Amino acid sequence: MNLCAPEIFGADPARIKWQIVRGDTSPLRVEFLEDDEVTYFDISDWTFEATTYDPQSDFLDSLEVTPGNGYVDIVAGPDLTQYWGTGYGSALAELNFDLQVTIDNTVWTPVVGNILVIGDVSGSL
């Protein structure tokens, strides 16, 4: 997923639907590219935080965020996803999530979305 440059803070965030099988590890990469859509931004001074919210249980969970060279990897690990939803249906829960970036005391939310939790049929959950 490529995002617009941070000079447009306050612009509409990218909206995505992330599908995760309960109990699995699920990564999501977000790239920050210059206007040429090839050159990565220098994000070495940026601070990232990603959080999920389950409106059914009113729980907030922090996601693992690992910055790279112009991108950030967000990971929902099995230690969290195993608790999202119950049963064996195709749609067990829907959570909200976002990625928040702080740059020089400016807070920017470039990504918002929903996580659709899919049932794990063959696992032990």
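Good morning. I begin with Arg29 and Asp73, whose side chains form a salt bridge at 2.7 Å, N to O. The term salt bridge here stands for a side-chain nitrogen of Lys or Arg within 4 Å of a carboxyl oxygen of Asp or Glu. Arg29 belongs to strand 3 (residues 26-32) and Asp73 to strand 6 (residues 71-76), so the contact ties together parts that are 44 residues apart in sequence. Arg29 itself is partly exposed, at a relative accessible area of 38%. On this scale, buried is under 20% relative accessible area, exposed is over 50%, and partly exposed is in between, with a 1.4 Å probe and protein chains only.

A word on the basis of these values. This is a predicted model, in which local features need pLDDT of at least 70 and side-chain atom pairs count only at pLDDT 80 or more, while totals for chains, interfaces and linings use all residues. Residues are numbered from 1 along each chain as its sequence is written, and side-chain values use heavy atoms, with hydrogens and water left out.

By the salt-bridge rule, the count is 2. The other pair is Glu94 with Lys17, at 3.2 Å, N to O. Glu94 sits in strand 7 (residues 93-103) and Lys17 in strand 2 (residues 14-21), so that distant parts of the chain, 77 residues apart, are linked. Glu94 is partly exposed, with 36% relative accessibility.

Which strands surround this second pair? Within strand 8, Leu116 is the bridge partner of Glu94, and Val117 stands opposite Ile20. Strands 7 and 8 make a hairpin with 2 residues between them, and Asp104 in the turn has a positive phi of about 50°.

Finally, the protein as a whole. It has 1 helix and 8 strands, in the order β-β-β-β-β-β-α-β-β along the sequence. These are DSSP runs numbered from the N terminus: helices are H or I of at least four residues, strands E of at least two. Of the 125 residues, 38% are buried. Among contacts with a separation of 6 or more, 67% involve residues 24 or more positions apart, a contact being heavy atoms within 4.5 Å. Thank you.

Key: Pairing = 2+ DSSP bridges.
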